[in-house]
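This report is for a reader new to the structure. Please look through the sequence and the 3D view before reading on.

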Amino acid sequence: PRLIAPENGASGVSTHPLLSWDIVKGAKTYSVQVAMDKEFKKDIVVDTSNVRVTSLEVKKALKSKETYYWRVSAADSNKTSEWSKRWFETGSGKLSAPALSFPSNEAKGVSVNPTLSWKTSVGAVSYGVQLSTDENFRKDIIERDSIRVTSLEVKGLERNKKYYWRVNASDSTSTSDWSNERSFTTGSSRLAAPGLVAPSNSAVGVSISPTFTWTDVKEALQYNLQYSTEKDFKKDFVEVNGLKGTSYRVSLLSTKEKYYWRVQSKDSTAVSDWSDVWSFNTGASILATPELVSPKDGDEVSTSVTLKWNSSSGGKELFAVQVSTKDDFSNLLINEEKFEKTDFALSNLTPKKKYYWRVRALSDKETSEWSSEWKFETKVTTTTSVEQRESGVPSAFKLSQNFPNPFNPSTTIEFSIPKSGSVKIAIYNILGSLVATLVDQHLSAGTYRTQWNASGVASGVYFYQIQANGFIETKRLMFIK
């Protein structure tokens, strides 16, 4: 089997981890082992067979701050597969440490007023953050706790200074270990350097009249752009100053040439550091090869989906769109020529089927090369509704255990809210990724029921969470096909 979670080398894992793996076609049962010995010759703490689902919760608490190895094998009535292998390190409690998002590790030119962000930890109701100039967090610490969201805006950091930061998660009874530490270095200005968007780094076949685009920087009034055939920008570079927006189209670069580009932001008194330097290679035409945007290559989507792409030519070109059920495009479902928009809606697709798509640009005189070929797979769509069960006003917020549990393929979730407001109920997998949103609307006080049909997802353990007027609660459910 292919192991899913905990990820290889994961740290801060719960002392009661939920192990999960992919389904093996034809398998009837699985065997699971967890050990402190990499060779599984001693110190085996879990040795279980006849597991009929693709996940296993370790009931007996593992030791905190220890490295464990785990593996799974699959079996049918006649044979057993080889063992898989993977390892993880436990934390000190049942909550996993959050994964950090932004700024990226070792980022440079960061604003002196950055917004730190991280991913949700399943079951957490608040987070704590530490920021320091000391990698050991022993001095110069900025500390915040009881943060109810997954971001924190920090103001007034020093310029040209290296900072380290980390986050932990808490529920009503416990606190996770700190996340892995990340570092970033502020720029020489209070303004952040822009993030580059397009042409993407190392892009090929780019138009000889490309449109450069970058992210907006808060408080910036203007931007400066440089592009050159020299990576160090010491000669043969062009500089465009005082740009008001976050894009600029260049006319007629050389064909089949490699270019480098960067951007900086300005306000009335300060100039940021230059951004990272990106490169691209031009093609032979003014028409650029379109860049696919969504759905991402390999995404799972509903039976109705909108294909989206970008054009770095910036002109009034048309597009050709092809969609096929075969990767060689020998069986075309869509073959649209001279399409004017950069998005194309598809509907009534077949569930649980792979589709392949690509786009190219057209003009009266030229045709670009086809874009990269991306694929997506449709899933069984689910629809949910909310039914009010009782008209009285509940005394407190409540999220009930789903029933039935385990279930196949539908289960009912009941919840109570003592006052009107925005209510969101979402399903997450064991990695904390969003699987489905069942409720996302304004509701009056009362007790409600909603259903989740899990036909389109794999068997295993999932989590459902309610967020309403500051109340957050998470529970576990199990889907068994």
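## Salt bridges

A salt bridge is a side-chain nitrogen of Lys or Arg within 4 Å of a carboxyl oxygen of Asp or Glu. The model is predicted: local features need pLDDT of at least 70, side-chain atom pairs count only at pLDDT 80 or more, and totals for chains, interfaces and linings use all residues. Residues are numbered from 1 along each chain as its sequence is written, and side-chain values use heavy atoms, with hydrogens and water left out.

The whole structure holds 7 salt bridges. Glu57, Lys59 and Arg476 are linked in a network of them. Helices (H or I, at least four residues) and strands (E, at least two) are DSSP runs, numbered from the N terminus.

How exposed are these residues? Buried means under 20% relative accessible area, exposed over 50%, and partly exposed in between (1.4 Å probe, protein chains only). Glu57 is partly exposed because its relative accessible area is 25%, and Arg476 is partly exposed at 32%. Lys59 has 66% relative accessibility, so it counts as exposed.

Another salt bridge joins the side chains of Glu373 and Arg358 (3.3 Å, N to O). Glu373 sits in the loop between strand E31 (354-362) and strand E32 (374-378), and Arg358 in strand E31, 15 residues apart. Glu373 is partly exposed, with a relative accessible area of 44%, whereas Arg358 is buried at 15%.

## The largest nonpolar core

A nonpolar core is a set of buried Ala, Val, Leu, Ile, Met, Phe, Trp, Tyr and Cys residues joined through side-chain atoms within 4.5 Å. The largest one has 23 residues, and Phe415, Val423, Ile427, Leu438, Trp452 and Ile466 touch the most other members. At least two residues of this core come from each of strands E35 (410-417), E36 (421-428), E37 (434-443), E38 (446-453), E39 (460-468) and E40 (471-479).

Which residues does Val423 touch, not counting residues up to four places away in sequence? Its contacts (heavy atoms within 4.5 Å) are Phe415, Ile417, Val439, Asp440, Gln441, Leu443, Ile466, Gln467 and Ala468.

## A three-strand sheet

An open sheet of 3 strands has the order E9-E11-E14, with antiparallel pairing; two strands pair if DSSP finds at least two bridges between them. Strands E9 (100-102) and E14 (151-153) stand at the edges with a single partner strand each, so one side of each has no neighbour in the sheet. Neighbouring strands here are turned by 25° against each other on average, direction ignored; the axes are lines fitted to C-alpha atoms, and angles run from 0 to 180 degrees between N-to-C directions.

E9 and strand E11 (residues 115-118) run antiparallel and are joined by 2 bridges. Trp118 in E11 is the bridge partner of Leu100.

## An exposed loop residue

Ser172 lies in the loop between strand E15 (162-170) and strand E16 (182-186). With 74% relative accessibility, Ser172 counts as exposed. Ser172 and Arg2 are 170 residues apart in sequence and 34 Å apart in space, C-alpha to C-alpha.

## Confidence

pLDDT is the predictor's confidence in each residue, from 0 to 100. Its mean over the chain is 86, and 96% of the residues reach 70 or more.
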